Every structure is written in structure tokens, then in C-alpha cells.
Amino acid sequence: MPEPVAIHARRAPILAPSASGAVRVLPSADRFVLQMKAPRGAALPAAVGGFDLSGPLNSVRGTPERFAARLGPGEWLLVCPAGEGAAAGPAIAGDLAGRFSLVAVGHRNAAFLLSGPHAADILNAGIALDLSDAAFPPGSATRTLLGKAEVVVVRAGDAFRLECWRSFAPYVHAFLQDAAREFG
């Protein structure tokens with residue numbers, strides 16, 4: 001019987017990374033969705049595979065390039081630079097004992113960075129959340145809608161990172177570019 005062959009699809013970025021303007025397309029990254037529950041009476045681990053999971057709901061821990069965004073009671077979006085996922089995935093699995101689900105979604109997502117004095121205003125053209133410093137301070141993260149697309153918003157300082165499915169990336173990019181035109 002022939003041995004199974006692993007086929008890995010390589011996808012070109014749907015949008016070319018850009019380095020200027022209020023709305024920038026970020027280069028590809030490795031991403032995982034981690035879901036787990038603590039066994040009865042036990043606490044969730046504070047860190048796995050080099051990711052800090054200790055934050056409360058709707059928070060992010062780490063650096064802009066490598067972070068864990070806690071989106072639910074037992075759900076995190078883990079992001080690291082492209083190429084690090086091959087080592088991060090087994091490290092995460094090795095650190096977790098018990099029941100968990102770890103799904104690589106780096107091929108599925110695209111990311112944008114909004115920066116500058118009007119970044120929150122640009123986002124608020126399509127997101128009905130209070131993105132002020134008091135309501136959504138640096139270190140915050142949430143899943144929401146931008147227009148018709150589901151996105152994850154991560155706040156780092158005065159900048160916002162948006163993660164969306166790559167199939168929605170052209171729509172999200174056009175939406176953000178259109179909103180940014182109002183602010184020059």
C-alpha cells in the first residue's frame with residue numbers, strides 16, 4: 001500500500017504588503033486558533049509555546065509580531081512571524097496536557113495595520129465599538145464586524161491590527177481605504 005502524501009497548499013498573499021499610509025497591508029504570518037478548557041478545579045496554563053495566555057478576556061499579550069489575543073473564555077488567536085509556526089505548533093501541543101484544539105489558520109487570514117491620529121476614526125466607519133483609550137485601551141482585543149466582514153481587532157499603542165479571512169481581505173482593504181480618504 002502506498003504511503004500517504006502530505007500536500008501543503010502555498011498561497012500567495014491576496015494583497016501585496018504595503019509600508020505607507022494610515023492603512024497598511026501586513027506581511028503573512030503564522031497563526032493558530034487555540035481552544036481549551038481547564039479541567040475541573042484546575043487553572044488554565046499561563047503560557048504555552050512561548051505565548052502568554054494569562055490575560056483576561058478581550059486582551060492581548062506579547063509583542064506586535066508575536067502575541068496571544070484572548071477572544072473567549074477558552075479561545076486565543078496566536079500570531080507569530082511567518083516561518084515560526086513550524087516550531088510553535090509542536091511546542092504549544094507539547095506544553096498542553098489534557099484536552100485542547102489547535103488549528104493552524106495562517107493560510108486563512110490576512111492582516112492590516114491602522115496607525116496615525118485618525119486610526120480609530122477610520123475603524124469606526126465600519127465598527128460600532130467605542131475605540132477610545134478609556135473603553136478599548138492598548139492591550140485590548142476583540143472579535144467584531146467591520147461592515148459585512150468578521151474581523152479581530154488588536155490594539156497596540158495608538159495602532160490597531162485587524163485580522164480577517166483572506167477571502168474578505170479585498171473588501172476590508174477597500175472599506176478601510178475609502179474611510180481613510182476622509183482624513184487625507
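How much space lies in the second largest pocket? About 340 Å³.

## Basis of the model

This is a predicted model, where local features need pLDDT of at least 70, side-chain atom pairs count only at pLDDT 80 or more, and totals for chains, interfaces and linings use all residues. Residues are numbered from 1 along each chain as its sequence is written, and side-chain values use heavy atoms, with hydrogens and water left out.

## Second largest pocket

The second largest pocket is lined by 20 residues. Closest to its centre are Thr63, Pro64, Glu65, Phe67 and Arg161. A pocket here is an open set of points on a 1 Å grid over the protein atoms alone, where a 1.4 Å probe fits, with protein on both sides within 12 Å along at least five of seven lines; lining residues have an atom within 4 Å of a point. Grid points are joined across faces, edges and corners, and the volume is the space filled by probe spheres set on the points.

Strands S5 (59-62), S7 (75-81), S11 (149-156) and S12 (159-165) each supply at least two lining residues. Strands (E, at least two residues) and helices (H or I, at least four) are DSSP runs, numbered from the N terminus. By class, the lining has 13 nonpolar, three polar and four charged residues. Ala, Val, Leu, Ile, Met, Phe, Trp, Tyr, Cys and Pro count as nonpolar; Asp, Glu, Lys and Arg as charged; the others, Gly among them, as polar.

Arg155 lies in strand S11. Arg155 is buried, at 4% relative accessible area; buried means under 20%, with a 1.4 Å probe and protein chains only. Its side chain makes a 2.5 Å polar contact with the side chain of Asp133. The Arg155 side chain also reaches the backbone oxygen of Leu131, at 3.4 Å. A polar contact is a pair of N or O atoms within 3.5 Å; within protein, one must be able to donate a hydrogen and the other to accept it, and residues adjacent in sequence count only if both atoms are side-chain atoms.

Thr142 sits in strand S10 (residues 141-146). Thr142 is buried too, at 13%. Beyond four places in sequence, its contacts (heavy atoms within 4.5 Å) include Phe136, Val151 and Val153.

## Nonpolar cores

The largest nonpolar core has 23 residues. Helix H3 (169-181) is among the contributing elements, and H3 gives the most, with five residues. A nonpolar core is a set of buried Ala, Val, Leu, Ile, Met, Phe, Trp, Tyr and Cys residues joined through side-chain atoms within 4.5 Å. Another core, of 13 residues, lies apart, with Phe32 and Trp76 among them.

Key: Buried < 20%, exposed > 50% of the residue type's maximum accessible area, 1.4 Å probe, protein only.
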